[in-house]
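Please look over the structure below.

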Amino acid sequence: MQVSQKIAGFSLGAADMLRRAMGKKKPEVLMGKKKDFEEGAIKNGFTKEHADEIFEIMVPFAGYGFNKSHAAAYSVVAYRTGYLKAHKPAEFMAANLTNEITSTDTLPVYIEEARKMGIPVDAPDVNRSDVIFDVVNGHIVFGLKGIKGMGEGAASAIVKEREANGPYKSFDDFISRISFQEVNKRAIEVLIKTGGFDKLDKNRATLILNYEKAIQYEEKKRLGSDSGQVSLFEDAGIKEFADFKYEEVEEMPKMELLNIEKELIGCYVSGHPLDEWRHAIEKCATISSENIEKAGKEDKAEKAALEASGRKPWQMKNTGRSYVAIGMIQGLRQILTKKGDQMCFAKLADFKGAIDITFFPKTWEQLKDKIQDEGVYAFKGKVDGSRETPSLLVDTMEDPKALEAKSISAVHIKMREDFSSMKEISPLRDFLFGANGNCVVYFHISVNGTPFTVKANQQMQVPSNSDFIQSLKDQNLVEDVWCE
């Protein structure tokens, strides 16, 4: 503002307009002021060349510029957060999760980041959870406040009672100690459904079936005590009320438990529907909710460059990189095109979010009978960045397990330490040479306490399917087997 005032003679108002253009990172608005700046500078005795030079020094600030105090403050914050993440990683991530405790979009990203850092994130637990995210024995434990329907008052009452009188021993012990005015039936229900009592005496299905009757029974006991009635058996040490009898049932299927959990917490915590495919996703997926925005921008820029070079739309149809996405299908939505053909849109969820996917009529006709909501699939296709939200245009469907198998290049065998001669391992050698596959073999052995890794002859190539790996584990002198 001072430069524009002293050099170009701008008024305070005009100088402020220039400042706003710089603050909002709008170079086009800033360049629109260039002529006014030049004319004002010439009136004040500067040459046009000198005025242009000064203005060009100002232009980069419209891209990204700070005054020194702002930059210094950011540097201090960056240093402190970097220090905390390096030296107190669990506490650092717990604090970040607390900041996003009500955000269903960001919470899964932070939870997955914590797990990648080797920090377990545990589901709500009446005996370990605080009101907010907390660290217990190196584990981040989900904060009770983050459960929909719980409320901060109920969460605080549960924690306060536990801190005053010790851990809850059972579900009956829990409902006998809390106030139903502070912790109502809805709060108890959502705590059951999100796994708050999993480490006590009853499974979730049993508690969901019985909790209302158990609460009514507890209220009846309290009513008898509050009325001042004296039990005939009190002096004999006999209980006036028998223990509540639960109707025991089998636990719900894992997927149902996880879906209820996600509905009330906003994300999966105690497990994830894709856990079985985690290795395949890490090894084979090249597009995900993390990088599809970048891929969309790259696609848009590539097509813009081709269009500028004179290419027609039909000539760009097969351009662009092919990607692999693996995830769980959600929200299948079929529509009819103008020609009356069926096509489909859906979401493909991964560990950190979801991407949009599109099935054009020809592809959808081939795949529609093979795809169901909540199923896990792998798709190959190209990213379309022409719209505000990029989408994967599906070309083919793949088997995630087959992709994973193709990505495995080595089978590792850890030998027991008690073999003493080549003769003892001859059956294992014959077994391996009798197999046929594409994976090299590594032996992990220990000699006098020193570990060694030995790569087998290149002629020894084995498969990595589960049946072969199990047979290999059953071989004499084999301690462990894994694939990479």
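## Burial and basis

Buried means under 20% relative accessible area, exposed over 50%, and partly exposed in between (1.4 Å probe, protein chains only). At 7% relative accessibility, E218 counts as buried.

This is a predicted model: local features need pLDDT of at least 70, side-chain atom pairs count only at pLDDT 80 or more, and totals for chains, interfaces and linings use all residues. Residues are numbered from 1 along each chain as its sequence is written, and side-chain values use heavy atoms, without hydrogens or water.

## Salt bridges

The structure holds 26 salt bridges. Each is a side-chain nitrogen of Lys or Arg within 4 Å of a carboxyl oxygen of Asp or Glu. E218 pairs with R222, with the closest N and O atoms 3.0 Å apart. These two are four residues apart in helix α13, about one helical turn. R222 is partly exposed at 25% relative accessibility. Helices are DSSP runs (H or I, at least four residues), and strands are E runs of at least two, numbered from the N terminus.

R416 bridges to D418, at 2.7 Å between the closest N and O atoms. R416 is partly exposed, with a relative accessible area of 31%. D418 is also partly exposed, at 46%.

## Nonpolar core

The largest nonpolar core has 35 residues; M150, F171, F174, I188, L191 and F197 touch the most other members. Such a core is a set of buried Ala, Val, Leu, Ile, Met, Phe, Trp, Tyr and Cys residues joined through side-chain atoms within 4.5 Å.
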